[in-house]
Amino acid sequence: MKMRSYYLGELTWPDVKEFLAVHDVIVVPVGSCEQHGPHLPIDTDAYDAFWLSLKAAEKAKCALVAPTIYYGVSSHHMDFPGTVTISPHILEQLAYEVAHSLVKHDFKKMVFENGHGGNTPALQSAAQRIMMDTEAFVAIDTVSLIPDFIEKSIQTSYDAHAGEFETSTTLANREDFVIKERIKKPKITLPKSKYTKIGLKESGPKVSWSFRTKEISETGVIGDPTKASKKKGETAWKLAIERLADLLTELDRMKS
Ligand SMILES: [Zn+2]
């Protein structure tokens with residue numbers, strides 16, 4: 001349905017009531033406040049999660065976007081100034097209570113659009129509790145809608161943070177905030193085991209492991225931002241918006 005805005009924060013309660021008479025889908029963006037190397041803004045994950053959510057909701061016209069959860073689990077970046085971290089159980093409880101409030105108003109299907117990998121375990125725990133306590137449907141997307149793009153277009157195998165992918169996507173949605181003269185390939189020290197892989201692209205046999213970013217990279221960049229381009233970012237966003245909008249449309253049709 002046509003709305004003045006698909007951002008909950010810009011609507012009035014009668015607008016939300018009217019929307020809920022027809023639809024029951026909502027996106028909750030989740031971000032972080034953490035270093036993104038010397039060349040990208042600290043709020044990259046939060047900004048991107050909201051930006052993508054709103055573009056997709058505007059396209060699908062059957063879902064609203066809640067205000068962003070702006071802080072996340074970023075303890076591994078705490079060696080870099082500006083980073084703020086909250087404990088996993090705090091994020092879990094916050095996500096749970098936000099979702100619980102929304103379900104109370106009859107949003108029955110929800111997507112946590114998550115911009116930061118470190119948040120995923122806490123969001124999964126919250127999602128399980130919401131499902132048990134309310135029977136609402138909860139999905140989580142952490143850059144998981146475009147694996148084909150990443151496989152084909154991202155060249156750096158260990159690209160994980162402020163590297164080729166995130167520098168490309170920021171060039172495409174907030175170019176003025178990329179400090180281009182600081183884009184450099186960092187020296188990366190990865191652990192020796194072939195099972196301790198890192199990055200958006202790495203598949204195959206692997207274990208999950210905890211690390212401090214500073215021990216892997218002096219600059220906080222994990223990946224190679226010199227391989228980034230605005231064009232790659234635009235392709236990634238176009239596909240991500242299409243697929244998230246498609247997911248929202250399918251959720252809208254799904255019986256609750
Ligand atoms: Zn990020």
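Tutor: Start here: Val27 has Val111 as its bridge partner in E3. Keep in mind that this is a predicted model.

Student: In what sense do E1 and E3 pair, and over how many bridges?

Tutor: Parallel, over six bridges. E3 covers residues 109-114.

Student: Which strand holds the bridge partner of Ile26?

Tutor: E2. The partner there is Leu64. E1 and E2, residues 63-65, also pair in the parallel sense, over three bridges.

Student: Which residues point which way?

Tutor: Val25, Val27 and Pro29 go one way. Ile26, Val28 and Val30 go the other. Both sets are buried. In a regular strand, side chains alternate between the two faces of the sheet.

Student: New topic. What's the order of elements along the whole chain?

Tutor: From the N terminus, α-β-α-β-α-β-α-β-α-α-α-α. That is eight helices and four strands.

Student: Why call the chain as compact as a globular protein of its length?

Tutor: Its radius of gyration is 18 Å, close to the 18 Å from the globule rule for 256 residues, so the chain is as compact as a globular protein of that length. The C-alpha trace spans about 55 × 35 × 35 Å along its principal axes.

Student: What share of the residues is buried?

Tutor: 49% of the 256.

Note on methods
Residues numbered from 1 in each chain as written. Predicted model: local features only at pLDDT ≥ 70, side-chain atom pairs only at ≥ 80, totals over all residues. Heavy atoms only, no water. Buried < 20%, exposed > 50% of the residue type's maximum accessible area, 1.4 Å probe, protein only. Helix = DSSP H or I, 4+ residues; strand = E, 2+ residues; numbered from the N terminus. Pairing = 2+ DSSP bridges. Rg over C-alpha atoms; globule rule 2.2 N^0.38 Å.
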